[in-house]
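Hello,

Here is the structure I promised to pass on to you. Please have a look at it first, and then read on for what turned up in it.

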Amino acid sequence: MWLAAALLCMACPAAKSQSHTVRFEENAPWVRVTERAMALGRLIFVDCRSAAGAQPAAVYDTDAVAALFNDRFVCVRYDMDNPEALKIAKKFGVAEFPTLLFIDSASQRDANRIVGSLSAEELLGQAEAALDPGGNTIALLARFEAGDHDPLLVDSLLCRLCMGRQRDRGQQVACMVLENLPEEGFVNLRGWDIFEAHVHDPLCKATRRMLERRQAFCEITCREEIDDKFYRCIHAEVVALSSWTPKAGPFNAQRNKALKTLLESAPLPFAAGELAWLAMADLAREGNYKGMLDAMRRIDDEGSLEGPRWTAFFIANIEKLACSGDLGLLKEGIAWIDLQTDSAADPAAKSSLCRSKAVLCAAAGDSAAAARAAARAEEYLQLALNP
């Protein structure tokens, strides 16, 4: 950070009158930007912004920022409603705004990436990190891929990827570390922290290894924290599989089967509830909506899902009746929604249930009832927002 501090110290009030600011090309063709950067031997600084999020312009008017960026980078700014910007978003996987990229012009890889707004000092620090040929993201990844798994390097790399919201790449790094750690280096707080922060695939080898050592981890950290992480990891995949529609392409039956096997074998307190989600999805894919509704009633009686988890399960599955084309089933589902709404205490839950009722009423051809349910949902939502 010495460069950032030095540049900030160099800024003086007299220089402020010189209208010193970062010189951006606006929505410029990427080929032209790359050619210029390669000719100058510079990195490319890319500011991706949208109406929903933008880096404060005043930061670029800071003398220290302007001096460094105009001298060491080719700077380009893209507005996401511009056709050229959409190409950049696709090329570099930009999905949140603002996203700030420091791109190596030759390799087209990011030497650093940050999602979110930065102060002048923070921006200078990130620019300094990108300019470090031995410590930028490209260099850290190269060292890691060459077999250097030193804890300091791994932590620096994971932190860098996390700042750039590079979730999948961060998981790849974390999994490689966790899968190759010896037993004595695996079952400890550092191993758990890496898993908790960076691994989200319930079927990867790292997760399976964690599940196998669950009891050992329970002896060094909180059991509730451990099971909550496993729940979040597994439930996200369960919902993704349960929400499948033909429009999404071929159903991943192999992954569905693997997840069921994991849940049937793992001693997890929420396993029965997650298996219920997958079972309902199986019945819906088969078109057996009557069987799905009957199974939902059995699950309600058994109590394997309770509270918010039952409500989420109920809403996600009762709405599938809209595809049944069976007026009798639709009426049965609507009546059950009314009972659930009456018994729910949370206005937000009542709002969601009314929206589900609107979906089924519309599917039943009763547009007036659908409108009333939607209006009621809005009323409950306002109660939830303004208790």
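Strand β2 (residues 43–49) and strand β4 (residues 99–103) run antiparallel, and five bridges join them. Please keep in mind throughout that this is a predicted model.

Both strands belong to an open sheet of five strands with mixed pairing, in the order β1-β3-β2-β4-β5. At the edges sit β1 (24–26) and β5 (110–115), each of which pairs on one side only. On average, and ignoring direction, neighbouring strands of this sheet are turned by 20 degrees against each other. As a reminder, strands in a sheet pair through backbone hydrogen bonds, in either a parallel or an antiparallel way. Helix α4 (residues 63–72) lies across β2, β3 (73–79) and β4, and runs at about 105 degrees to β3.

Stepping back to the protein chain as a whole, you will find 21 helices and five strands. Its C-alpha atoms fill a box of roughly 75 × 55 × 40 Å along the principal axes. Of its 387 residues, 47% count as buried. If you take the contacts between residues at least 6 apart in sequence, 67% of them join residues at least 24 apart.

Next, the aromatic rings. How many aromatic pairs does the structure hold? There are 21 aromatic pairs. A pair of rings is described by how far apart the centres are and by the angle of the planes. Take Y231 and F270: their ring centres are 5.3 Å apart and their planes stand at 80 degrees, over the 60 degrees that the edge-to-face class needs, so this pair is edge-to-face. The pair links distant parts of the chain, with Y231 in helix α14 (residues 223–242) and F270 in the loop between α15 (253–265) and α16 (271–286), 39 residues apart. Both Y231 and F270 are buried.

W310 and F313 also form an aromatic pair, this one tilted, with 5.6 Å from centre to centre and 40 degrees between the planes. These two residues are separated by about one helical turn, because they are three residues apart in helix α18 (residues 307–318). An α-helix has 3.6 residues a turn, so residues three or four places apart point the same way. W310 has a relative accessibility of 7% and therefore counts as buried, and F313 is buried with a relative accessible area of 0%. There is also an aromatic cluster to look at, formed by F24, F45, Y60, F69, F73 and F102.

Finally, please turn to helix α21 (residues 367–385). At 1.5 Å a residue, its 19 residues should span 27 Å, and this agrees with its end C-alpha atoms, which are 27 Å apart. Which residues of α21 are buried? They are A369, A370, A373, A377 and Y380. Those five cover an arc of only 100 degrees around the axis, which means that they lie on the same side of α21. What covers the buried residues of α21 includes α19 (327–343) and α20 (347–363). On the other side of α21, S367, R372 and L385 are exposed.

Enjoy exploring, and write back with any questions.

Best wishes

Definitions and conventions:
Residues numbered from 1 in each chain as written. Predicted model: local features only at pLDDT ≥ 70, side-chain atom pairs only at ≥ 80, totals over all residues. Heavy atoms only, no water. Pairing = 2+ DSSP bridges. Helix = DSSP H or I, 4+ residues; strand = E, 2+ residues; numbered from the N terminus. Axes fitted to C-alpha atoms, helices over the stretch in contact; angles between N-to-C directions. Contact = heavy atoms within 4.5 Å. Expected span 1.5 Å × (residues − 1). Buried < 20%, exposed > 50% of the residue type's maximum accessible area, 1.4 Å probe, protein only. Arc of directions from axis to C-beta. Phe/Tyr/Trp six-rings, centres within 6.5 Å; stacked < 30°, edge-to-face > 60°.
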